[in-house]
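Trainee: Could we go through this model together? I would like to begin with the interface and then move to something else.

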Amino acid sequence: MAPVTPSGGPGLQWAVHEVSICAAAVRAAEAKARELGGRRIAVLRLRIGALAGVVPEAMEFAYPVVCRGTLAEGSRLEVEHVPVRCLCASCEAEFEPKAAVYACPTCGRPSAKIVSGRELELAQIELE
Amino acid sequence: MEERKIVDIAQAVLAENDRMAATLRADFDRLGVFCLNVMSSPGAGKTALLERTLSDLAGEVPIGVVVGDLATDNDAARLRGKGARVVQVTTDGYCHLEANMVRAALDALGLDGLRLLIVENVGNLVCPATHDLGEHARVVLFSVTEGEDKPLKYPTLFKTADLVLVTKIDLAEAVEFRRDEALEAVRGVAPQADVLEVSAKTGLGLERWYEWLRRRLQPER
């Protein structure tokens, strides 16, 4: 069978990584839903940092597949994107980098101190 | 319409993996084992570097190796017979190793008596970044044949590196490798990392890599 690559979206092969991460999110959400006696998860909200190492579009692609047969079947995925913020050790100021090299906009030195942007968090669910 | 309840959770999606990684790290610390997670794109020379490293160091330091690949145990076969304990994990299509895979591999390998555990991750410059395997340090390789701007193209993984090894340095001239440009890219993207240039083939730079390792080992028990 030829690889599945729908035009305009990430292909299934490309999304293998996100399938496993999505499945982990749904497992954790289901555990919480059961604990609270919920019958169905209607909405699942994730916070994904720009440095988390996952592609949000691929998460959205994988989501309905991994929800099949779970309490989250038919639910909606909402992703909050968390931008990278880092700290310049010299200027002691936080900034949002604009490129792969996190150069401080004031002094130009690359920052090694990442304050946020690595989040891969199950933030919230809506239960029915 | 049915009433909806909003529930705040605020937990890491990979909490399960993180817990297993923390357990592994505690085991390593208790037993005095220093653990490295070695990552790169396929073909950057991870296995060649480890072959040489085992040959040169296994007589001095007891080393264990966990090798991850999508399929085949070819890499483990290359690493056997060099004085280290080696176990292969085939991920069966998975693009990275997870902590529970390392746990399973260690059940087969055993940590007793080891001072250095090297986990050779699946060849991939994207996916392994997300999963903590309980390692103490991350080593990211990139070879001179891959292009000077590799760190700029795959910043996420390079930004997690403790050490970047520029490999196949013996080929630098043949491929017209622009060394200054590459080092500037590494240092810009990964200012937290140490950087060493090595050749597993000629041995160039390897002594500094071994020194980097030795400094991190716990004293013999």
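Trainee: How many residue pairs are in polar contact between chain A and chain B?

Mentor: The count is 14 residue pairs, both at pLDDT 80 or more, where a polar contact is a pair of N or O atoms within 3.5 Å, one able to donate a hydrogen and the other to accept it, and residues adjacent in sequence count only if both atoms are side-chain atoms. This is a predicted model, in which local features need pLDDT of at least 70, side-chain atom pairs count only at pLDDT 80 or more, and totals for chains, interfaces and linings use all residues. Residues are numbered from 1 along each chain as its sequence is written, chains are lettered from A and ligands numbered from 1 in the order in which they are written, and side-chain values use heavy atoms, without hydrogens and water.

Trainee: And how many salt bridges are there across the interface?

Mentor: The rule, a side-chain nitrogen of Lys or Arg within 4 Å of a carboxyl oxygen of Asp or Glu, finds three across the interface of chain A and chain B; one of them joins R27(A) and E16(B), at 3.5 Å from N to O.

Trainee: Switching to chain B, how do the axes of α2(B) and α8(B) cross?

Mentor: The axes, lines fitted to C-alpha atoms over the stretch in contact, with angles from 0 to 180 degrees between N-to-C directions, come within 11 Å and cross at roughly 70°, so α2(B) and α8(B) are roughly perpendicular (65 to 115 degrees).

Trainee: Which residues meet there?

Mentor: Among them are L49(B) and R52(B) in α2(B), and W209(B) and L213(B) in α8(B), with contact meaning heavy atoms within 4.5 Å.

How values were computed: Helices (H or I, at least four residues) and strands (E, at least two) are DSSP runs, numbered from the N terminus. Angles under 35 degrees count as roughly parallel, over 145 as roughly antiparallel, 65 to 115 as roughly perpendicular and the rest as oblique.
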